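Trainee: I have not seen this structure before. Could we go through it by question and answer?

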Amino acid sequence: GAWLHDCGKVTTPEYVVDKASKLETIYNRIHEVRMRFEVLIRDAWVDYYKALADHPDAKETLAETRDTTITALRDDFAFIAECNVGGEFMADEKIERLNAIAQRTWTRHLDNRIGLSQLETQRMERTSAPTLPVEEPLLSDRPDHIIERPVPAEHYFGDNALGFTSPVPEHLYNLGELYNLSIKRGTLSEEDRFKINEHVIETIRMLNLLPFPDHLKRVPEYAGNHHETMIGSGYPRGLTADQLTIPERIMGLADIFEALTAADRPYKTPKTLTQALKIMTFMIKDGHLDSDLFELFLKSGVFRDYADTYLRADQIDDVKIDAFIQ
């Protein structure tokens with residue numbers, strides 16, 4: 001079960017699993033946004049020289065207007081770049097500022113419907129092509145940003161014989177720029193989060209198709225229930241403590257500890273032992289993990305054995321386990 005618990009991740013795009021910034025898809029789209037700001041800064045210089053040619057005596061005033069415009073553009077882009085990184089919480093006033101910045105426009109002169117794949121062309125055809133040149137917002141949520149599901153959300157689980165309860169987003173992906181930059185916590189949208197969580201659904205589906213011998217017949221349960229919680233707030237079936245066996249609870253605890261201390265995740269920094277165990281104590285209080293197993297995990301020294309084998313030296317600190325035992 002431990003070996004197979006994430007086998008469903010073969011269906012999860014790597015760029016979603018490793019999404020380290022809000023505008024990231026296969027690449028980080030912050031570069032597209034930066035180029036629009038570069039265009040506006042260039043426009044500020046062009047406007048300055050045009051005005052200077054007509055009003056050479058107003059050089060100082062015109063230069064001041066140019067510099068004020070460029071400073072504001074630099075500040076606005078720096079703010080967008082900061083939002084793109086993500087964090088623990090994004091205040092409403094920041095989202096309001098994003099929407100205000102999006103009202104500024106830039107002029108596009110080139111056709112954005114050539115050189116595209118068939119699928120992208122189909123998405124672009126959801127709206128009529130404007131006459132060029134066209135004024136466009138610096139940030140936008142366009143119809144072509146929506147990637148539809150091959151199967152409607154309400155039919156995604158089919159007959160749902162395996163009892164999945166996870167809510168399915170309407171769209172497969174939503175690549176809207178404002179939509180993603182406004183993500184309040186972390187870097188994942190609702191659609192991204194479901195795509196990642198979906199790996200457990202696929203693990204369960206895959207393993208339930210295999211003809212395990214009797215002594216391995218519970219492998220699909222052990223592998224597939226490692227994201228469930230003691231209080232039914234987990235996924236993909238919302239199981240509760242009375243529905244989870246000891247091996248399944250162990251899987252959940254081990255998976256959390258490994259994820260917190262892993263050093264190979266581009267979207268997070270690895271936690272030290274103390275940091276990881278402190279976070280896990282909060283999860284115990286919230287009813288996510290089995291408190292008795294967590295105490296055994298600490299007292300047995302298993303966490304130290306794992307650390308000595310797999311963690312970097314700078315992650316292994318002096319843990320006082322008494323501080324983490326309820």
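**Cavities, a pocket and a helix pair**

Mentor: Start with the second largest cavity, which is lined by Asn 225, Glu 228, Met 230, Leu 244, Glu 248, Arg 249, Gly 252, Leu 253, His 288, Leu 289 and Asp 290. Keep in mind that this is a predicted model.

Trainee: What volume does the second largest cavity have?

Mentor: Its lining divides into four nonpolar, three polar and four charged residues. Glu 248 and Arg 249 are among the residues of that lining. The volume of the second largest cavity is about 50 Å³.

Trainee: How much space lies in the largest cavity?

Mentor: The count comes to two cavities of 30 Å³ or more. The largest cavity is lined by 13 residues, and Lys 19, Glu 24, Thr 25, Leu 175 and Asp 192 lie nearest its centre. By class, this lining has four nonpolar, four polar and five charged residues. The space in the largest cavity comes to about 90 Å³.

Trainee: Which element gives the most to the lining of the second largest pocket?

Mentor: That pocket has a volume of about 760 Å³. Of its 28 lining residues, Tyr 27, Glu 32, Arg 36, Glu 120 and Arg 142 are the closest to its centre. At least two lining residues each come from α2 (30-54), β1 (105-108), α5 (118-124) and β2 (134-137). With four residues, the element that gives the most is α2.

Trainee: How many residues of the lining of the second largest pocket are charged?

Mentor: The lining also includes 13 nonpolar and four polar residues. The charged residues number eleven.

Trainee: Why are α9 and α11 described as oblique to each other?

Mentor: Two packed helices are described by the angle between their axes and the distance between the axes. Helix α9 (residues 246-261) and helix α11 (residues 291-299) have axes 10 Å apart and pack at an angle of about 60 degrees. Roughly parallel needs an angle under 35 degrees, and roughly perpendicular runs from 65 to 115. The pair α9 and α11 is therefore oblique.

Trainee: Is the crossing of α9 and α11 left-handed or right-handed?

Mentor: In the contact, Ile 246, Arg 249, Ile 250, Leu 253 and Phe 257 of α9 meet Leu 293, Phe 294 and Phe 297 of α11. These residues divide into seven nonpolar, no polar and one charged. The crossing of α9 and α11 is right-handed.

Definitions and conventions:
Residues numbered from 1 in each chain as written. Predicted model: local features only at pLDDT ≥ 70, side-chain atom pairs only at ≥ 80, totals over all residues. Heavy atoms only, no water. Axes fitted to C-alpha atoms, helices over the stretch in contact; angles between N-to-C directions. Parallel < 35°, antiparallel > 145°, perpendicular 65-115°, else oblique. Left-handed = near helix turned anticlockwise from the far one by under 90°. Contact = heavy atoms within 4.5 Å. Nonpolar A, V, L, I, M, F, W, Y, C, P; charged D, E, K, R; others polar. 1 Å grid on protein atoms, 1.4 Å probe; cavity = no way out; pocket = protein on both sides within 12 Å on 5 of 7 lines; lining within 4 Å. Points joined across faces, edges and corners; volume = space filled by probe spheres on them.
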